[in-house]
Amino acid sequence: MAVPPIQTDRLELVSLSPLFIDAILAGRRKEAERVAGLQLPEDWPDEHDARFLRMRLGQLRSDPRWQEWLARAMVLRTTGRPMTGYIGFHGPPDVIGRAEMGYTVRPHFRRKGYATEAAKALMEWARLHHGVSRFYLSIAPDNTASLAMAAKLGFRQVGEQIDEEDGLELVFELVVG
């Protein structure tokens, strides 16, 4: 399934297709880079991100229509097209029309506004193309950078939850439009 990228001033949000995920999980890095049109970080994926990619691949195999909602590489629109991290929704909007977003920025690229820029673009895409107006984030209480970004974007804490892998998370929601 071809999913067009979402462009911002500095980034291109490139869908991580099943072909890309298969290649990277099998260690075929050059093939993965060619498929996605980007330069991968040398140490990526680590074990945490490999588990994440296997989970997303399972979702895509179950329902290919989810591809536009799931993981997208944050690629700098510069020479070499380095991948700065990834962003995406956990799936299509839930029954009340709310979409949960997650993101990771590689350490070398942090504190440069890439996550904020990508989050704004992804939410705008969901709003314009699918009518989504409610978004939420789950953030660890000690993740000060993500907490600051959520506040900057206007998210408000609406609760907390325990994640099986990550433990306590604060839940934030943003209603737009």
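Author: A residue is called buried under 20% relative accessible area, exposed over 50%, and partly exposed in between. The model discussed here is predicted.

Reader: With those cut-offs, is arginine 111 buried or exposed?

Author: Arginine 111 sits in the loop between β5 and α4, and its phi is near 65 degrees, a positive value in a residue other than glycine. Most residues other than glycine have a negative phi. The relative accessible area of arginine 111 is 73%, and because the limit for this class is over 50%, arginine 111 counts as exposed.

Reader: Which class of accessibility does arginine 81 fall into?

Author: Arginine 81 belongs to the loop between β3 and β4, and it too has a positive phi, of about 50 degrees, although it is not a glycine. Its relative accessibility is 22%, and since buried would require a value under 20% and exposed one over 50%, arginine 81 is partly exposed.

Reader: How are helix α1 and helix α2 directed relative to each other?

Author: Two packed helices are described by the angle between their axes and the distance between the axes. For α1 (residues 18-25) and α2 (residues 29-36) the axes are 7 Å apart and the angle is about 160 degrees. Because angles over 145 degrees count as roughly antiparallel, α1 and α2 are roughly antiparallel.

Reader: How many nonpolar, polar and charged residues make up the contact of α1 with α2?

Author: On the α1 side the contact involves Leu19, Phe20, Ala23 and Ile24, which meet Arg29, Glu31, Ala32, Val35 and Ala36 of α2. Arg and Glu count as charged, whereas Ala, Val, Leu, Ile and Phe count as nonpolar. Sorted in this way, the contact has seven nonpolar, no polar and two charged residues.

Reader: Which are the edge strands of the sheet?

Author: The open sheet has eight strands in the order β1-β2-β3-β4-β5-β6-β8-β7, with mixed pairing. Within it, β4 (residues 83-89) and β5 (residues 98-105) pair in the antiparallel sense over five bridges, and phenylalanine 89 stands opposite methionine 101 in β5. The strands that pair on one side only are the edge strands, β1 (6-7) and β7 (156-163).

Note on methods:
Residues numbered from 1 in each chain as written. Predicted model: local features only at pLDDT ≥ 70, side-chain atom pairs only at ≥ 80, totals over all residues. Heavy atoms only, no water. Pairing = 2+ DSSP bridges. Helix = DSSP H or I, 4+ residues; strand = E, 2+ residues; numbered from the N terminus. Axes fitted to C-alpha atoms, helices over the stretch in contact; angles between N-to-C directions. Parallel < 35°, antiparallel > 145°, perpendicular 65-115°, else oblique. Contact = heavy atoms within 4.5 Å. Buried < 20%, exposed > 50% of the residue type's maximum accessible area, 1.4 Å probe, protein only.
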